[in-house]
Amino acid sequence: MTLHTIWLVRHGESVGNQAATSAERAGLERIELDLRDADVPLSDVGVEQAEALGAWLTEHRTGIDVFFVSPYRRARQTLEIAAADLDAPARVDERLRDRELGVLDLLTWRGVQARYPEEAERRRRLGKYYHRPPGGESWADVQLRLRSFLHDALATPEGTAMVVAHDAVVMLVVAALLGMTEEELMPFAAEHTVLNASLTRVELTEEGWQLAVFSDVDHLQREGADVTVHPGSPDVDHA
């Protein structure tokens, strides 16, 4: 058996998501969060979302052969809650970590424009895919490490895998498997949001990898969990 189905899950809502959204709405330049990105935990809503994901996994307990998870706390916490009663192996992989923002970390889009106007202009010129903040990563950089991850993951003997990670990771794994170019990916990303604790499924067919489900949250609604719409990093999601 070879890997033929990949489920992609964004972590549940985090306290970082909440802080970033509050800062954006208040027109602040900086996100008030006294944690490094790797240590940001789930919010109370995120815990409920992870529990709702766990109810879905219980129904599909024989359908997931292996779990891969980002080393960041919010992703590991999502999987630990959701898969608490499952015995499938879970593999932490640092290549699934969130995109690193370098000097723009903890800044809102207003803050980027005010404190690093040259970076805001450089981003406008280069576009979302190739702009690399000083000390950080571009989407192309993240894509490169995800291609390395997929090379190893696709060689595993399991048939169905679940990846629990971050919005950019979900988007870029889909792009890599479907062979999207920058010109194809950017309009798709602009029109599609990876919701917290959502489910995306990509399947291998005779014609190659196909997107079967994207950012589905029916399991959250069925369990009465809040559906949260937190966009990604500000320099990615503002034109």
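Contact here means heavy atoms within 4.5 Å. With that in hand, here are some notes on this predicted model.

1. Let's start with His 166, where that definition is needed. Leaving aside residues up to four places away in sequence, His 166 touches Arg 10, His 11, Ser 70, Tyr 72, Arg 74, Ala 75, Leu 96, Arg 97 and Asp 98. The residue sits in the loop that joins S4 to helix H7 (167-178). Is His 166 buried or exposed? Its relative accessibility is 0%, and buried means under 20%, so His 166 counts as buried. There is also a polar neighbour to look at: a polar atom of the His 166 side chain lies 3.5 Å from the backbone nitrogen of Asp 98.

2. Strand S1 (residues 5-10) is worth a look next. Six of its six residues are buried, so S1 is largely enclosed by the rest of the structure. In a regular strand, side chains alternate between the two faces of the sheet. Here Thr 5, Trp 7 and Val 9 point one way from S1, while Ile 6, Leu 8 and Arg 10 point the other way, and all are buried. Do notice that Arg 10 is on that list; Arg 10 is also among the residues that His 166 touches.

3. Which strands pair with S1, and in what sense? S1 and S4 run parallel, paired over six bridges, and Leu 8 stands opposite Val 163 in S4. With strand S5 (residues 199-205), S1 pairs in the antiparallel sense over five bridges; there, Thr 5 has Glu 203 as its bridge partner.

4. Strand S2 (residues 66-69) has both faces covered: Val 66 and Phe 68 on one side, Phe 67 and Val 69 on the other, all of them buried. S2 pairs in the parallel sense with S4 (residues 160-165) over four bridges, and Val 69 has Val 164 as its bridge partner in S4. S2 also pairs in the parallel sense with strand S3 (residues 90-92), over three bridges, where Ala 90 is the bridge partner of Phe 67. Between S2 and S3 the chain passes through helix H3 (residues 73-82), and this β-α-β crossover is right-handed.

5. Now the aromatic rings. How many aromatic pairs does a search of the whole structure find? The search finds four. One of them joins Trp 7 and Trp 56: the ring centres are 4.9 Å apart and the planes are at 65 degrees, so the pair is edge-to-face. This pair links distant parts of the chain, with Trp 7 in strand S1 and Trp 56 in helix H2 (residues 44-59), 49 residues apart. Trp 7 is buried at a relative accessible area of 12%, and Trp 56 is buried at 8%.

6. Phe 188 and Phe 214 form another edge-to-face aromatic pair, at 5.2 Å centre to centre with 80 degrees between the planes. Here too the pair links distant parts of the chain: Phe 188 belongs to helix H8 (residues 182-191) and Phe 214 to strand S6 (residues 208-216), 26 residues apart. Phe 188 counts as buried at 14% relative accessibility, and Phe 214 is buried with a relative accessible area of 17%.

Notes:
Residues numbered from 1 in each chain as written. Predicted model: local features only at pLDDT ≥ 70, side-chain atom pairs only at ≥ 80, totals over all residues. Heavy atoms only, no water. Buried < 20%, exposed > 50% of the residue type's maximum accessible area, 1.4 Å probe, protein only. Helix = DSSP H or I, 4+ residues; strand = E, 2+ residues; numbered from the N terminus. Pairing = 2+ DSSP bridges. Right-handed = clockwise from strand over helix to strand, strands pointing away. Phe/Tyr/Trp six-rings, centres within 6.5 Å; stacked < 30°, edge-to-face > 60°. Polar contact = N/O pair within 3.5 Å; in protein donor to acceptor, adjacent residues only side chain to side chain.
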